[in-house]
Amino acid sequence: MQNVICGRCVKCGREYEAVPDLTNCECGGILDILYDYDYIKTVFTKEKLAARSKPTMWRYRELLPVEESTPDTELRVGWSPLYEAPRLAKRLGLKQLWIKDDGVNPTASLKDRASAMAVAKAREAGAEVIACSSTGNAASSLAGNAAAAGLKTYIFVPSRAPKGKVAQLMSFGATVISVQGSYEDTFELSKAAIERWGWYNRNAAINPYLSEGKKTVGLEILEQLGWQVPDYIAISVGDGCTIAGLWKGLKDLYAIGFIDRLPKLISAQAAGCYPINRAVETGEPWHPMEENTLADSIAVGVPRNADKAIHAIRESQGLTVEVTDAEIMAAQKLLGRSCGVFGEPAGVTGTAGVKKLIEQGRLPADATVVSVVTGNGLKDVANAIQACGEPISVPSDMEKLLAAFAENHIDLR
Ligand SMILES: *Cc1c(COP(=O)(O)O)cnc(C)c1O
Ligand SMILES: [Zn+2]
């Protein structure tokens with residue numbers, strides 16, 4: 001890989017050769033992949049990119065840690081739509097707002113970006129089996145992307161994982177282990193199993209390439225905006241890998257001169273579980289928290305990418321915000337009604353955060369904001385019905401329909 005220099009530990013600075021099965025540092029720290037931007041600048045230009053019709057994350061190969069000979073992965077990951085959302089902007093009292101809908105990825109979440117990268121690197125490593133632990137979406141995305149590549153998967157999920165995600169796993173033919181315990185318990189068991197059987201590791205806590213896959217969401221947002229930099233990008237945060245990846249992508253673009261300033265990050269967490277935001281707000285190291293939120297994908301009490309995430313939020317001079325489950329459910333409804341975008345609870349948490357920041361007077365009305373929807377609402381139907389209600393139920397009878405309309409105050413004009 002001519003574009004990659006090495007992997008460097010974010011804790012102690014030790015450097016490692018960027019081999020395909022690179023894990024974390026001896027000191028336990030997570031590695032960051034370092035690039036040779038001077039070289040990249042000589043081979044990658046906006047014009048070259050614009051001439052590419054490939055609607056996937058692999059259009060950014062010059063900024064990705066893969067060998068030239070490594071094939072694109074099979075599923076169409078990335079290049080999700082960026083919708084301008086004038087009605088929602090008006091409702092919120094914002095000048096300009098865009099919704100990046102990553103719920104349209106092949107397995108319906110942003111995690112596909114990391115899983116596609118894991119599959120590409122597993123191939124380079126010559127691995128035939130990949131494993132991970134996950135709150136649900138990393139699992140289903142790994143299972144799907146691996147199935148398409150003909151690789152076998154072992155997946156560990158906490159028993160609370162919503163049925164939609166488990167159904168995906170089973171359909172993709174993964175061997176699924178449902179762990180009776182928290183996400184932390186799940187992670188520990190997967191770690192022990194991976195060590196024991198030597199599977200390729202798709203845990204974002206360990207594999208430094210995953211955030212490089214996730215960073216493509218940031219590359220895309222800027223390309224889709226014609227390199228006009230928004231003031232803020234809002235995203236939900238659990239483990240921290242996603243927001244750290246987003247920031248990495250933005251910094252890459254800055255480093256190669258595609259953009260001339262950087263947006264600020266908005267880190268949205270659940271009020272029932274916000275160890276990363278708490279650390280940013282208090283200036284203290286992060287401490288574990290309970291996992292009390294219906295937004296299962298971000299219920300991560302022991303975040304493994306906290307260091308990278310906290311650094312990213314601070315470096316961007318970003319904002320942190322915590323939203324209650326009720327605010328998350330309200331945002332799900334609001335996004336659906338004003339944009340036609342259906343997000344799972346963690347998927348809409350960034351938008352819930354934007355709404356709250358405006359109400360708190362912490363986000364100016366003239367700001368330009370991108371809010372990333374990280375996962376699709378179909379993943380968790382039970383919570384969606386809870387948030388958005390049940391339909392009007394009638395027998396097949398016009399009189400009964402009229403009565404039901406009257407009863408429900410439906411305005412038929
Ligand atoms: C995983 C996930 C997140 C958060 O990503 P982290 O890397 O855990 O911070 C947010 N939303 C959805 C839908 C997810 O699946
Ligand atoms: Zn180290």
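Begin by selecting I221 in this predicted model, and show its surroundings: leaving aside residues up to four places away in sequence, I221 touches L82, K100, I233, V370 and V372. Widening the selection from there, you will find that I221 is one of the residues with the most contacts inside the largest nonpolar core, a set of 72 residues in which F44, W58, I155, L222 and L253 also belong to that group.

Next, select ligand 1, which is surrounded by 16 residues, the closest being K111, N137, G240, T242 and T374. An oxygen atom of the ligand lies 2.8 Å from an N or O atom in the side chain of K111, while for the side chain of K214 the corresponding distance from a ligand oxygen to an N or O atom is 3.2 Å.

Finally, select the zinc ion, ligand 2, together with C9, C12, C25 and C27, whose SG atoms coordinate the zinc ion at 2.3 Å. Along the chain these donors follow the spacing C-x2-C-x12-C-x1-C. The arrangement is tetrahedral because the four donor atoms subtend angles of 104 to 118 degrees around the zinc ion. Is C9 buried or exposed? With a relative accessible area of 3%, C9 is buried, whereas C12, at 45%, is partly exposed.

How values were computed
Residues numbered from 1 in each chain as written. Chains lettered and ligands numbered in written order. Predicted model: local features only at pLDDT ≥ 70, side-chain atom pairs only at ≥ 80, totals over all residues. Heavy atoms only, no water. Donors = N, O, S within 2.8 Å, 3.2 Å for Na, K, Ca; no water. Tetrahedral: all angles 85-135°; square planar, octahedral: opposite > 155°, others 65-115°. Buried < 20%, exposed > 50% of the residue type's maximum accessible area, 1.4 Å probe, protein only. Core = buried A, V, L, I, M, F, W, Y, C linked by side-chain atoms within 4.5 Å. Contact = heavy atoms within 4.5 Å. Near = heavy atom within 4 Å. Polar contact = N/O pair within 3.5 Å; in protein donor to acceptor, adjacent residues only side chain to side chain.
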